[in-house]
Amino acid sequence: METTLKTATVTLSIDDYQVTVPKGTTVLAAAEKLGIEIPTLCHLKELAPDGSCRMCTVEIQGGRKGGLTTACTAHCQDGMVVHTASPRVNDSRRFVLDLLLSNHKLDCFSCGKNGECKLQDYCLDYGIDETSFTNGKRMSCHQEDTSNPFFDYDPEKCIMCRRCSKVCQLRQGRDVISIAKRGFDTKMTPSYGAAFDQSLCESCGNCVSACPTGALVSKDHKKYRAWETKKIPTTCPHCGTGCQMNLVVKGNRLVGVEPINGAANKNLLCVKGKFASYKFVGSGDRLTEPLIKRNGVFEPATWEEALSLVADKFSQLKADHGADSLAGFSCSRSINEDNYVFQKMMRAAFGTNNVDNCARVCHSASVHGLAHTLGSGAMTNPIADITTDVDVILLVGSNPEEAHPVIGSQIRQAIQHGTKVIVVDPRKIDLVKNSELHLQIQAGTNVAFANGMMHVILKEGLADQTFIEEKTEGFEALERLVAEYTPEKVAEICHIEAEDLIKAAKLYATAEKAPIIYCLGVTEHSTGTEGVMSMSNLAMLVGKIGKPGCGVNPLRGQNNVQGACDMGCMPYDFPGYQKVANPEVMEKFEKAWDVSLNRKTGLTSTQVLPAATEGKIKGLYIFGEDPIVTDPDTNHVRKALENLEFFVVQELFMTETAAYADVVLPGISYAEKDGTFTNTERRVQRVRKAVEPKGQAREDFAIFCDVMTRLGYPCHYDSAQEIMEEIASVTPTFGGITYERLEKEGLQWPCRTLEDAGTPIMHVGEFTRGKGLFMAIPYKKARELPDERYPYLMSTGRMLYHYNTRAMTGRTEGINQISDRSYIEINAVDAKFLGIEEGDKVRVRSRRGTIETYAAVGNRVFPQEVFMTFHFPDANVNELTNAAFDDIAIIPEYKVCAVSIAPIK
């Protein structure tokens, strides 16, 4: 017998309209349901009501104290009669506005928020031209704070709604802004009255987006007015979170960004999304015409010249050396539709499966590892599900506050609401200070850590035996293996305390809802795929897969790296992870594309470059990637590119890699095209054209189509929408995805039919592969460890303010003002021993190269360990990193290499 729970409801009247709402609904929400707008200044729908501005006052018939109350705090009652615009209500709101104007700088004409100011709008609505309180005391003048590189703060325009403080504390999780002083001297200010540039402010700009007046306004906003602009909804081009935002367009120029309420970001953005997502589009150094290198110098060319040369050279190489002498790298920052057409070009026209994308050097281990053990190589649960209402988060090798800042903010919110976070990371990332436990394992020991966790879980009887017996296989071998990994043994390997390992295992195993969230600290190792499979082992052991608030969740690094993999930009997969090695799949695509295809599995990008050095790969087409900057052992990459007979790069800018090309083709940015991105949670979302391309730059997929046609495989698409229709026709997991549906909301694959709502949580009821597979994985040491000559273990990663090669963030002045040079984090003990102080210039050497950078001295890393980011051209850390590869995914070991450090006097 099923029990049906009914929601208790109440019926009330608002302005003579009847409405029935769930019990507990506020009058403000009920009015919104009826389409009745009640003015608010302090209200934020994502947070509990405040009621401090009093603008949302309504009159409740027969209510206490004359019936006037705030709609945001008043709960609906059965039979309640509400008036939202009675004379008493309007008089009350006029009085509030009169008081606010009495302490407000009235320079609306020059204010950046002119036309978008709520105070201005409401004063116009209620006929308030000036204050009647002309002789009272006012806020002191000339207190503007213009120190932040992105926004200005003027206390004289502040109405003390506290939206900025609430967003900063309760949504961003930073608590930088608070109320200071008393009476007419009261103002919002960063902690201790410091200027913004001297505070802990991250410059996320969420306070600016929340401010209803001109008190907080972006510097760029002063260059336009709302009525001059249009807003185009799109998806952020930075990390894999998939934040939704509006591009603000004036004429044919992007002038700003505003957050919108997307499934992943819920009206939040980070500093990159808010301030570094638009200036690069109009940068003066954009490529605007094709370039051909003649006698070592790039010269402008027509599209006819450039494409004829591209087709002729690749055709000749194919004829002379075979199709597999050619290769292509696709772009994880471009749209799904471009990636689909690129891999189609490589397979149908070039005739090779030598196609890959940058997932190879970041999350290919996730694609391989999770596909092998679970059946699908992607995040199992949605972002909101693993950061809301969870008991424990096991965060392994991930620094989301810097690499995925909006997810980091949501984890900080979860901590505020009682979630316990276990951080497993070689560095003291910022989340450590509010975590329940930090296991500061040595880089490269993830497998030993996971085996130790499973040892404790089994020993304590905390495994989910029913789940194991009914839904998994391979458990017996795993059980035998982890029996060897006692807490004491693992503590010695990982350089942690055995007691902390035991505590972490018990916390994770006993929590009802406990997701594993991991990132490149797990994957970028010579045992990266094994590290990923260890994460799925751990989750399956306690039955935390296929359930809300659980799962194994890799945070994908780039905006569309998930999509590039989904679209088949890998040497062994067609779109939708349909296998090149499967004859039925091969026949399916031969029929769909009307061409005979190469049945040989291709080379990964990390195999292509060595093959180029050896002379086996003769021609290479790179779309939107910069391996000179991003790949390990830069000297090895240079030799590979120099040894190519023909090299094409399709890009927005003249990158370090493009400089080696024979032909450079100008592509277009995300803001100049329509399409889709797929975020880290498998959510396909729209990208929309906001401005026209610069110069002669062309739609990327159209360039690929022209190349295909010239190579003898005619191809043409009228639009990205037409390409998505083809994707859906050949990719079962995308079968129900259409632009029409995506206009309403993003869809999470698998989405197989038009009636399918998508799949928020994977492996519910049954694993995609049938039964989950346990893998018994012994711990193996990293390929290169410190020795007497190179005594420091170096790891690499991202920082908050820059993104990958800085192609976008490096063209944003404010970002460079905050962070414009490389650094190496070194423990204070080592710094003292070496005679190094904060900011000193140091020389760092590995077996592969030497760079010079600046010391950041502290305790974020253990003694004998150091850390560098890979963003800065003044010291490209990949001159040092080790091109040692995982045996399965062929992913490089960015996270471990041995270096020496010396001060430069």
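Predicted model: local features only at pLDDT ≥ 70, side-chain atom pairs only at ≥ 80, totals over all residues.
Nonpolar side chains tend to be buried together in soluble globular proteins. In the model, the largest nonpolar core has 60 residues, and Phe350 and Tyr621 are those with the most contacts inside it. Helix H8, which spans residues 336-350, provides the largest share of this core, namely eight residues. Another core, of 56 residues, lies apart from it and includes Val392, Ile441, Leu478 and Leu481.

Strands S7 (residues 177-180) and S8 (residues 187-190) run antiparallel and are joined by four bridges, with Met188 in S8 being the bridge partner of Ile179. Six residues lie between the strands of this hairpin, in which Lys181 takes a positive phi near 70°.

Most residues other than glycine have a negative phi, and most peptide bonds are trans. Against this background, Asp15, which is not a glycine, has a positive phi of about 50°; Asp15 is placed in the loop between strand S1 (9-14) and strand S2 (17-22), and it counts as partly exposed because its relative accessibility is 23%. A positive phi, near 70°, is also found at Arg806, a residue of the loop between strand S32 (792-797) and helix H28 (813-818). Arg806 has a relative accessibility of 14% and therefore counts as buried, the cut-off for this class being under 20%.

The peptide bond from Trp749 to Pro750 is cis, its omega being near -5°, and Pro750 belongs to the loop between strand S30 (747-748) and strand S31 (772-773).

Conventions:
Residues numbered from 1 in each chain as written. Heavy atoms only, no water. Core = buried A, V, L, I, M, F, W, Y, C linked by side-chain atoms within 4.5 Å. Buried < 20%, exposed > 50% of the residue type's maximum accessible area, 1.4 Å probe, protein only. Helix = DSSP H or I, 4+ residues; strand = E, 2+ residues; numbered from the N terminus. Pairing = 2+ DSSP bridges.
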